Amino acid sequence: MTTLLKSATIIDSSSPYHHQKKDILITNGIIEKIDDSIENNNYKVVTLDNLHVSCGWFDTSVSFGEPGFEERENIKNGLNVAAKSGFTAVAVNANSNPVIDNKAAVEFLIHKAAGFATNLYPIAALTQNSEGIDMAELYDMQQSGAIAFADYNQPVANDNLMKIALLYAQNFNGLVFSFPKNNSIAGEGIANEGINSTKLGLKGSPALAEHIQIARDLFLLEYTGGKLHIPTISTTKSVELIAAAKKKGLQVTCSVSVHHLTLSDDELHGFDSNYKVNPPLRTKADVKSLQKGIKSGVIDIITSDHNPIDIEHKKLEFSEAKDGTIGLESAFGAINSVLGLEDFIENITQNPRTIFGLEHHSIKENNKAEITLFNPESNYTFTKEHILSTSKNSAFLDKKLKGKAYGIYANNQLILN
């Protein structure tokens, strides 16, 4: 198949065509030619309003439910949603039933995802059944295709277990996650401990619970060496702790979710359970600090932290509802409303691929075509009509967004929204 992308503005700092408007000719999945104007020779021509392209977006925290929670989302629909939302790759969390904690389970995910335009990379469980007691079969799972190890949204309370995991993973250059939450401090808190939780009568989860866990993990990392990734940080102090660790030369990286970058705990006044997430939404000051953390380079990755929850477990009283929001469909429009375009692109293309040890395909002639198509100037209100996921638990419903993904070209397939 030969596809011609017409008048596309290229946003790719690793490409010689960065910030230039070009025609891009793709043949059998390879970028054959990039020029000011390429004549149509019976190609499939893509002409879209204000077309921009970048290297394919990579979301490093996505939950699809399958196996076990297909009523929330399945792999087939999830990968189609990802493609139409601009993502050429997703890292899928282990929070299924059964948990992805062994070689066979990792191979199941990879087999189910074969043939789609969007690539699926499993993040396997760090501990057996994500219970935080015994370490899972890390090396075997990496050999089967797992790119990192994490107990999704579950902190490892056992200090020695985390120490051993960091030591053991170094034998095969494994990447270990540690969810930033100390359950002893967080207790049964369901909202950020502060003015809003007090006004609303919601049990508070203090930011201290995040800081203590991060500080512990950084001390362990300094002792053991190895590579540590701290997912979905949410506070000012967390940014400061990680910045200091990076200055020491520790191999620590971190991510932040789209909702923590754009929404604060002021949203909780309507008791809408779509805003119940883990970590909880923090203060406006924290939101600003996270945005500064992206711009300064302390925060490495932006993720949607896409977590579909079926209506039976989400449309409940705030205290009873499960944590989580979907985010693939709204990720670009939400972030593009508060951050510069290139801040977003770097943190969802090149940075995560480097951290996870995946190949980065810049937009150059003779390179593999793994490209996201989008319009950064499209303004709209996000409604249920924009949701492609099986579950509809979006924290961005009725929010004004700026920027829309048209789709992707990847794995020799063109998928448009």
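Residues are numbered from 1 along each chain as its sequence is written, and side-chain values use heavy atoms, with hydrogens and water left out. Because the model is predicted, local features need pLDDT of at least 70 and side-chain atom pairs count only at pLDDT 80 or more, while totals for chains, interfaces and linings use all residues.

Two packed helices are described by the angle between their axes and the distance between the axes. Helices (H or I, at least four residues) and strands (E, at least two) are DSSP runs, numbered from the N terminus. Axes are lines fitted to C-alpha atoms, for helices over the stretch in contact, and angles run from 0 to 180 degrees between N-to-C directions. Helix H7 spans residues 208-224 and helix H8 spans residues 236-247. They pack at an angle of about 10°, with axes 9 Å apart. H7 is therefore roughly parallel to H8. Angles under 35 degrees count as roughly parallel, over 145 as roughly antiparallel, 65 to 115 as roughly perpendicular and the rest as oblique. Contact means heavy atoms within 4.5 Å. On the H7 side, the contact involves Glu210, His211, Ile214 and Leu218. They meet Lys237, Ser238, Leu241, Ile242 and Ala245 in H8. By class, this contact of H7 with H8 has five nonpolar, two polar and two charged residues. Ala, Val, Leu, Ile, Met, Phe, Trp, Tyr, Cys and Pro count as nonpolar, Asp, Glu, Lys and Arg as charged, and the others, Gly among them, as polar.

H7 also packs with helix H4 (residues 159-169). The angle is about 45° and the axes are 10 Å apart. H4 is therefore oblique to H7. The crossing of H4 and H7 is right-handed. A crossing is left-handed if the near helix is turned anticlockwise from the far one by less than a right angle, and right-handed if clockwise. From H4, Asp159, Met162, Lys163, Leu166 and Leu167 take part. Their partners in H7 are Arg216, Asp217, Leu220, Leu221, Tyr223 and Thr224. This contact of H4 with H7 divides into six nonpolar, one polar and four charged residues.

On a 1 Å grid over the protein atoms alone, a cavity is a set of points where a 1.4 Å probe fits but cannot get out, and a pocket is an open set with protein on both sides within 12 Å along at least five of seven lines; lining residues have an atom within 4 Å of a point. Grid points are joined across faces, edges and corners, and a volume is the space filled by probe spheres set on the points. The largest pocket holds about 670 Å³ of space. It is lined by 31 residues, and Tyr152, Asn153, Gln154, Lys322 and Asp323 are the closest to its centre. Its lining has 12 nonpolar, 12 polar and seven charged residues. The second largest pocket has a volume of about 260 Å³. Its lining has three nonpolar, five polar and six charged residues.

The whole structure contains seven cavities of 30 Å³ or more. The largest cavity holds about 150 Å³. Among its 18 lining residues, Ala150, Tyr152, Asn153, Phe177 and Pro231 lie nearest its centre.

Most residues other than glycine have a negative phi, and most peptide bonds are trans. A cis bond joins Glu66 and Pro67, with omega about 5°. The bond from Asn278 to Pro279 is also cis, with omega near 0°. Asn28 has a positive phi, near 50°.
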